[in-house]
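Below is a short report for someone meeting this structure for the first time. Please look over the sequence and the model before reading on.

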Amino acid sequence: MLKIIKTYMSNRRNFIVRTSALMGSTSILAGCAVLPPSKKKLTREKKNIGSVVIVGGGFSGASLARYLSILSQGEISITLINREKFFYSCPMSNLVLAGYKSFEYISHEFTSLVKRGVNVLHDEVIEVDPLKKSVRTKTGMFFKADNIVVCPGIDLDFAAIDGFDAVAQRTVLHAWRGGMQTIALRRRLSTLHDGGVFLISIPPAPYRCPPGPYERASLVANYFKKYKPKSKVILLDSNPDIQSKKTLFQSVWERKYRNNLEYVPNIEIAGVDSKRGILFSQFGDNFRGDVLNVIPPNSSSRIAHQADLVTDNDKWCDVNWRSMESVRYPGIYVLGDATLSAEKMPKSAHMANQHSKVAALDIVSKLKGRKKFSNYKIVNTCYSFVDEKSAIFVSKVYSFDLKVGTVKPIEGAGGVPSQESVILGKQAYDWAENIWLDSLG
Ligand SMILES: Cc1cc2nc3c(=O)[nH]c(=O)nc-3n(C[C@H](O)[C@H](O)[C@H](O)COP(=O)(O)OP(=O)(O)OC[C@H]3O[C@@H](n4cnc5c(N)ncnc54)[C@H](O)[C@@H]3O)c2cc1C
């Protein structure tokens, strides 16, 4: 009987039939016609309370899609547009560079988000209209939504460095955005002769991941020490000092890498000669290397500029920290590295993930007509490997108070360890697994 009825009914009614049968209903057809209130509930179709289009599917964009889906219980239509087909993680990419992890380890798919009902598209957004709340993509797709959230990460200002043209960019790599440059730079390091010099240049702060270049220098020095003992890392810093975990990095370098890592502060790269392998400082000093790794000055990604969301120094997008909406266009949200950082807030994956939770709560409260929250606390923890097994970390807790109107670090909350350890290395691997799951799972 059940089988015959099934053949003639829509999927939805099928569900009713099966439900009635499972509940021991005596009359399947009667169950279809007039359901008691409790059963009606079971057959109710999902409401659609609003729509969100997310530009960029990195740490902030992917986490936002996941949390919108969880908090709204599927009642928001979510479109996530990311240029690349894969989610390439910058966290842990320095381990790939030093040859301790595979590229697959940091490459992830969006399949779990798709299973959650998120419409994931691989396309490039070329226009965001913040007034009409619309988005246009390179392949000609057009979207209008109740909420647009811009999560595009950073762009790199090659034009700030003389000679850093398209030809130079083929050999002088940055590997500062997830993806193929990580593999390419790894290849260059693995084919470097013993005795070769690896030059890294750090841009002026603020830049993505303050401890990232120091971690990179430590891991490559560790790789050299093991496999190319005559090779050397030279770290040229535009800034006057180490930007994060200073005493911890200094202590490790002094004990482990004294012979193959040199740190030079106050050297901003003004020019590059890719053919001769030379970097020129702002003072005209020359630094020669066999592999050049220049990280140009950072700013929020191009699409944030196009969307007129950049408010600070032609670089960053200031936001209302209560909701993560743009100060210039309330109703358009900006998350992650593209934001003008609050006091002592790093541009990190952990922070980007936390931004997404603030925005998700605000959007869901708004669409569900609930009271918006006014205070919150968020946290940042950032591990850095100093060899393939040991790590150090820094953590900080931040508080938003409506009366203060911005996010501030809480004095005394957080800290750093006394030194690196293998236990912290294990925690760092766990941290990565957790944040990938929390963003994409
Ligand atoms: C070497 C290195 C190590 C790091 N280690 C750590 C760490 O250990 N811990 C930590 O917390 N942070 C770390 N970070 C920092 C972290 O990677 C960034 O802070 C984080 O990725 C920022 O997230 P986001 O969402 O703002 O940007 P992203 O994660 O870069 O995502 C932006 C996405 O938007 C896409 N996009 C951009 N423009 C468009 C467009 N127009 N259309 C469609 N898609 C677009 C991009 O392709 C990208 O996929 C590290 C960074 C580096 C470089």
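## Overall make-up

This is a predicted model. The protein contains 14 helices and 24 strands. Of its 441 residues, 43% count as buried. Among contacts with a separation of 6 or more, 67% are between residues 24 or more positions apart.

## Around the ligand

The shell around the ligand is made of 37 residues, and G56, G58, C90, G153 and G336 are the closest. By type, the shell has 16 nonpolar, 14 polar and 7 charged residues. At least two shell residues come from each of α5 (59-72), β2 (76-82), α6 (93-97), α13 (349-368) and β22 (376-385).

The ligand lies between domain 1 (2-153 + 301-440) and domain 2 (157-298), because both domains give residues to its shell.

## The largest nonpolar core

In soluble globular proteins, nonpolar side chains tend to be buried together. Here the largest nonpolar core has 119 residues, and V55, V149, V150 and V220 have the most contacts inside it. Helix α13 gives the most to this core, with 9 residues. Domain 1 and domain 2 each supply at least three of the core's residues.

V55 shows what such a position touches. Leaving aside residues up to four places away in sequence, V55 is in contact with I81, V125, V128, V135, V149, V150, C151, P152 and I303.

Helix α11 spans residues 246-256, and its residues L248, F249, V252 and W253 are buried. These four cover an arc of only 125° around the axis, so they sit on the same side of α11. An α-helix has 3.6 residues a turn, so residues three or four places apart point the same way.

The cover over the buried residues of α11 includes α10 (212-227), β13 (261-264) and β23 (391-401). T247, E254 and R255, on the other side of α11, are exposed.

## Backbone details

The loop between β11 (197-202) and α10 holds P206. A cis peptide bond, with omega about 0°, joins A205 and P206. C209 is also found in the loop between β11 and α10. C209 is not a glycine, yet its phi is positive, at about 60°. C209 counts as buried because it has 25 C-beta neighbours inside 10 Å.

M324, in the loop between β19 (319-320) and β20 (325-326), is another residue other than glycine with a positive phi, near 80°. Is M324 buried or exposed? M324 is buried, since 24 other C-beta atoms lie within 10 Å, and 20 or more are needed to count as buried.

Note on methods: Residues are numbered from 1 along each chain as its sequence is written. This is a predicted model: local features need pLDDT of at least 70, side-chain atom pairs count only at pLDDT 80 or more; totals for chains, interfaces and linings use all residues. A residue is near a molecule or strand if its C-beta atom, placed from the backbone, lies within 6 Å of it. Ala, Val, Leu, Ile, Met, Phe, Trp, Tyr, Cys and Pro count as nonpolar, Asp, Glu, Lys and Arg as charged, and the others, Gly among them, as polar. Domain bounds come from an automatic or database domain assignment. A nonpolar core is a set of buried Ala, Val, Leu, Ile, Met, Phe, Trp, Tyr and Cys residues joined through C-beta atoms within 7 Å. A residue is buried if 20 or more other C-beta atoms lie within 10 Å of its own, exposed if 12 or fewer, and partly exposed in between; C-beta atoms are placed from the backbone. Two residues are in contact if their C-beta atoms, placed from the backbone, lie within 7 Å. The arc is that of the directions from the helix axis to the C-beta atoms.
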